[in-house]
Amino acid sequence: MEMPITCPVCAEKNAAPPLLHRVNNTLRCPENHCFDISSKGYVNLLLSQHKNVKDPGDSKEMVAARRLFLDSGAYSGLRGCLCECAAKYAGNSPEPATLLDCGCGEGYYTVGMYDAVPGIRIFGVDISKNALAAAHSRINAGGVKRDIFCAAASVFRLPFRDSCADIAAVIFAPFQREELLRVVKPGGVVITAIPGERHLWGLKSLIYDQPRLNEVKPYEIPGMELLEKRVVQNELTITSQELLNALFTMTPYYYKTSPRDSDRLYGYFGTHSRFTTETDFQVLCYRTK
């Protein structure tokens with residue numbers, strides 16, 4: 001089946017760039033621009049001029065921390081909610097649905113949605129090659145042949161043809177409205193997950209003297225109709241320093257917290273046996289107009 005992936009080189013000068021066609025382990029366009037599929041299962045479509053740093057996105061350390069934490073099942077409630085939404089709206093498609101996971105990371109939610117929706121095709125993009133390498137091992141876990149193809153690319157320049165997707169997922173990634181409206185069919189669905197006001201309040205209370213509630217922005221998005229909002233809240237108990245460190249490392253707070261405040265967290269289990277924090281997510285589903 002034809003892939004809806006477009007040539008990023010041609011896209012620099014062409015508003016309607018040609019599709020890439022797979023020949024063995026290479027993607028090639030009519031202008032003979034070629035992109036090899038790496039041994040780690042993804043193709044690099046992120047052009048050098050669009051990188052701010054040599055190795056953009058999550059580092060190997062952050063990816064490993066995220067995998068350790070997510071594999072503990074701590075966010076399984078959110079994953080289940082996303083899978084329910086994907087199954088619900090994929091069922092509206094007369095043919096097997098195509099889903100774009102915009103900011104797929106190491107694939108925890110990607111694989112969950114794939115396994116929840118029989119026959120679905122998923123294309124994942126992430127700016128981090130480290131995350132995509134980890135996603136490859138998750139996609140191929142358990143000997144299951146999953147129809148998931150991943151590319152290194154920016155959500156601000158999605159390498160997909162117009163109106164190719166029935167569903168797009170944006171899970172803790174930048175929400176690029178214009179690109180989403182371009183690649184999702186009119187009447188298609190965008191599923192996004194955002195932190196609620198009290199998400200990880202216990203963690204913030206541990207590392208900051210004056211923690212603040214998360215800001216939840218207005219739900220109205222031009223060109224999209226809000227179909228539903230689902231709230232996923234839970235109390236999370238952590239009983240090891242390793243898992244607490246992993247949670248911290250996978251959050252934005254990791255780069256924004258002073259060494260003094262970080263030490264409160266890293267030494268926590270020297271004097272405590274358990275750590276508790278709230279998890280508070282909002283899953284929003286939109287229909288494109």
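Let me start with a pairing of strands: strand 2, covering residues 26-28, is joined to strand 3 by 3 bridges, and the two run antiparallel. Please keep in mind throughout that this is a predicted model. Within that pairing, Arg28 stands opposite Cys34 in strand 3.

Now to helix 3, which runs over residues 76-90, has 15 residues, and reaches 21 Å from its first C-alpha to its last, close to the 21 Å expected at 1.5 Å a residue. Its buried residues are Leu78, Cys81, Leu82, Cys83, Cys85, Ala86, Tyr89 and Ala90, and they pack against several elements, including helix 4 (108-116), strand 5 (98-102) and strand 11 (275-288).

That brings me to the cysteines, and to a question: how many disulfides does the structure hold? The number is 0. Cys85 is in no disulfide, and the nearest cysteine sulfur, which belongs to Cys285, is 3.7 Å away, whereas a disulfide would need the two sulfur atoms within 2.5 Å. Seen from the other partner, Cys285 is likewise in no disulfide, with the sulfur of Cys85 as the nearest cysteine sulfur, 3.7 Å away. Are these two residues buried or exposed? Cys85 is buried, with a relative accessible area of 0%, and Cys285 is buried too, also with a relative accessible area of 0%.

Definitions and conventions. Residues numbered from 1 in each chain as written. Predicted model: local features only at pLDDT ≥ 70, side-chain atom pairs only at ≥ 80, totals over all residues. Heavy atoms only, no water. Helix = DSSP H or I, 4+ residues; strand = E, 2+ residues; numbered from the N terminus. Expected span 1.5 Å × (residues − 1). Buried < 20%, exposed > 50% of the residue type's maximum accessible area, 1.4 Å probe, protein only. Contact = heavy atoms within 4.5 Å. Pairing = 2+ DSSP bridges.
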